[in-house]
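Please look at the sequence and the structure shown here. A short briefing on a few of the residues comes after them.

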Amino acid sequence: MLTVKPCNTYHAVLSGKALCRRADARSAFKVYFIDIIGRKDPARTVWAQSGLDRADFLARLAGTEGVEGVGFVTAFPHITKVFRHGPEAEVVMNVRAWNTRDLAPLSLGRGQDYVEFACLAETLIAADEHLFWADARTVEEYLARWSPFADGPVARHDKLLEYWTRERA
């Protein structure tokens, strides 16, 4: 039986970009810093209010075990997801998550054996990044292109809850 829970409001905005390379000189990830604005606790969801230093975060990310390969990162103050082009099959995008503050691994497992893929900002960026990968002839060409994502508001964050709990005739 599906239970639909209340959801927070959602309005994501891009607040910065950077290229992150590991010491191995091969691994490279395009990092998209993203804020979710308009929530009750902006220190948790807005980079400028989080107390986190982006340069420090990038240095720690570059040294984090498991952040290896080529791809992109969506970094919110509360969660960081690494999307990489799969080493097993590079046409497949793999995703893994960490807590941004301490880079402790996070599970993307959700109810009924589903896993979280992406919020709206991540989905739009992932679509662009996957197309860039498909179009690029080299990794360097891929790394030179950035998603134009800048702003992603969700018109109504409770439509599924309203729909699912509505009386049916």
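The notes below cover one threonine and several aromatic rings.

This is a predicted model, in which local features need pLDDT of at least 70, side-chain atom pairs count only at pLDDT 80 or more, and totals for chains, interfaces and linings use all residues. Residues are numbered from 1 along each chain as its sequence is written, and side-chain values use heavy atoms, with hydrogens and water left out.

**T100**
- T100 lies in the loop between β5 (93-98) and β6 (105-106).
- The relative accessible area of T100 is 0%, so T100 is buried (under 20% relative accessible area; exposed is over 50%, partly exposed in between, with a 1.4 Å probe and protein chains only).
- A polar atom of the T100 side chain lies 2.6 Å from the backbone oxygen of F76.

**Aromatic pairs**
- There are nine aromatic pairs, counting rings of Phe, Tyr and Trp (its six-membered ring) with centres within 6.5 Å; planes under 30 degrees apart are stacked, over 60 edge-to-face and the rest tilted.
- F33 and F57 form an edge-to-face pair, 6.0 Å centre to centre with 70 degrees between the planes.
- F33 is in strand β2 (residues 28-36) and F57 in helix α3 (residues 54-62), so this pair ties together parts 24 residues apart in sequence.
- Both F33 and F57 are buried.
- F83 and F117 also form an edge-to-face pair, at 6.3 Å and 85 degrees.
- F83 is buried, with a relative accessible area of 1%, whereas F117 is partly exposed at 44%.
- One aromatic cluster is formed by Y32, F72, F83, F117 and W146.

Technical notes. Helices (H or I, at least four residues) and strands (E, at least two) are DSSP runs, numbered from the N terminus. A polar contact is a pair of N or O atoms within 3.5 Å; within protein, one must be able to donate a hydrogen and the other to accept it, and residues adjacent in sequence count only if both atoms are side-chain atoms.
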